[in-house]
Amino acid sequence: MINPVYSPSPERYDSGIRYRRCGRSGVLLPEISLGFWHNFGDVNPLANSMEMAYYAFDHGITHFDLANNYGPSYGSAEETFGQIMRKSFAPFRDEMFISSKAGHDMWPGPYGEWGSRKYLIASLDQSLKRMNLDYVDLFYSHRFDPNTPLEETLQALVDIVRAGKALYVGISKYPPEAASFAYKYLKDRDVPCLIYQGRYNILNREPQTDGILEQAKGNGVGFISFSPLAQGLLSGRYLDGIPSDSRMAREYSLKSSTLTPELHSTLVKLNEVASRRGQSLAQMALAWCLKDDLVTSVIVGASRVEQLEDDFKALENTSFSPEELDEIDEIVSSC
Ligand SMILES: NC(=O)c1ccc[n+]([C@@H]2O[C@H](COP(=O)([O-])OP(=O)(O)OC[C@H]3O[C@@H](n4cnc5c(N)ncnc54)[C@H](OP(=O)(O)O)[C@@H]3O)[C@@H](O)[C@H]2O)c1
């Protein structure tokens with residue numbers, strides 16, 4: 001059968017999705033965004049990747065988060081997105097907010113990672129070609145580089161915006177002092193930092209404890225949470241062992257040694273709280289990140305459409321009673 005031309009759902013903005021303003025900017029982001037780190041590479045069936053991208057956009061998910069080295073292989077998640085863009089998404093480009101990043105290892109030799117101007121600019125040029133885009137909406141410095149002058153990295157971000165290759169810039173995994181420097185440097189050059197991307201979920205509260213969340217808010221910068229399900233731990237995936245088709249079974253970014261008996265018992269207890277709220281564990285974990293205005297959006301990953309279907313229902317209830325929050329804190333702190 002010949003694939004019909006993609007035509008998005010006319011109800012895509014009325015299916016329960018909500019948008020939050022990203023810091024002090026004109027940009028609204030969906031409360032749930034879709035990330036392409038895993039499951040969209042050239043090792044994955046293209047049809048499944050397309051189905052998930054379509055499902056997301058059909059439900060008002062306008063923000064797609066990529067990076068140069070997402071795959072595997074490196075670059076192939078951007079190529080997958082580029083194929084979807086060319087085949088289906090191109091007429092809807094202006095309804096979408098697409099990000100990419102550079103910072104981690106991408107190509108061999110001294111210019112293929114970290115934060116030099118040389119690397120960031122070359123990498124974005126490659127990303128644009130792979131994604132079949134003229135510009136990205138958002139370009140990130142993917143990690144803080146302690147050996148490159150921060151001014152060099154940040155000036156490259158400014159120049160990328162001035163060259164029209166990105167509309168906004170962001171930073172990811174920067175320590176608080178470097179983030180503070182970045183916010184001021186970028187603001188002083190009229191290219192304010194749009195967003196900070198950090199790992200934040202029920203099990204990992206670092207952006208809260210090290211002040212990143214409040215710091216972003218105080219600077220008019222949005223915050224977007226990556227791995228809000230702790231790579232799947234905070235879902236039903238591992239309550240009854242390690243499924244053979246799961247991320248943990250691949251022993252790459254999520255190792256089976258993480259799933260200690262203590263962590264498993266924590267997940268079971270969290271799942272009980274979720275059931276009482278009438279939610280799946282994944283839904284409660286996403287709702288928890290979105291419970292206040294410190295978080296603009298959560299970036300979920302998924303390996304199949306059914307997971308996205310489950311995840312999007314989190315938006316039906318993102319409020320928690322003080323008792324529920326205390327119980328969750330107690331379960332996590334006794335882990
Ligand atoms: N800035 C950074 O350095 C950085 C780092 C990491 C990630 N990110 C971004 O954040 C995005 C999300 O990260 P992540 O993939 O780790 O996010 P995550 O949402 O914490 O984990 C996604 C995984 O959880 C499982 N899952 C999702 N929904 C489920 C459901 N309803 N029921 C059961 N299992 C479910 C799936 O695992 P299975 O695959 O096992 O089915 C899925 O692959 C990435 O794609 C990327 O865009 C950024």
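Strand β8 (residues 193-199) is mostly covered, with 6 of its 7 residues buried. Buried means that 20 or more other C-beta atoms, placed from the backbone, lie within 10 Å of the residue's own. This is a predicted model: local features need pLDDT of at least 70, side-chain atom pairs count only at pLDDT 80 or more, and totals for chains, interfaces and linings use all residues. Residues are numbered from 1 along each chain as its sequence is written. Strands (E, at least two residues) and helices (H or I, at least four) are DSSP runs, numbered from the N terminus.

**Pairing of β8**
- Strand β7 (residues 166-172) runs parallel to β8, joined by 4 bridges; strands pair if DSSP finds at least two bridges between them.
- Strand β9 (residues 222-226) is also parallel to β8, through 5 bridges.
- Gln 197 in β8 stands opposite Ser 172, and its bridge partner in β9 is Ile 224.

**Crossover**
- β7, helix α5 (residues 176-188) and β8 form a right-handed β-α-β unit.
- Right-handed means that, with the strands pointing away from the viewer, the path from the first strand over the helix to the second runs clockwise.

**Ligand shell**
- The ligand has 31 residues around it, and Gly 35, Trp 37, Phe 226, Gly 232 and Gly 301 come nearest; a residue counts if its C-beta atom, placed from the backbone, lies within 6 Å.
- β10 (297-300) and α10 (305-312) are the elements that give two or more residues to this shell.
- The largest share, 3 residues, comes from α10.

Definitions and conventions: A residue is buried if 20 or more other C-beta atoms lie within 10 Å of its own, exposed if 12 or fewer, and partly exposed in between; C-beta atoms are placed from the backbone.
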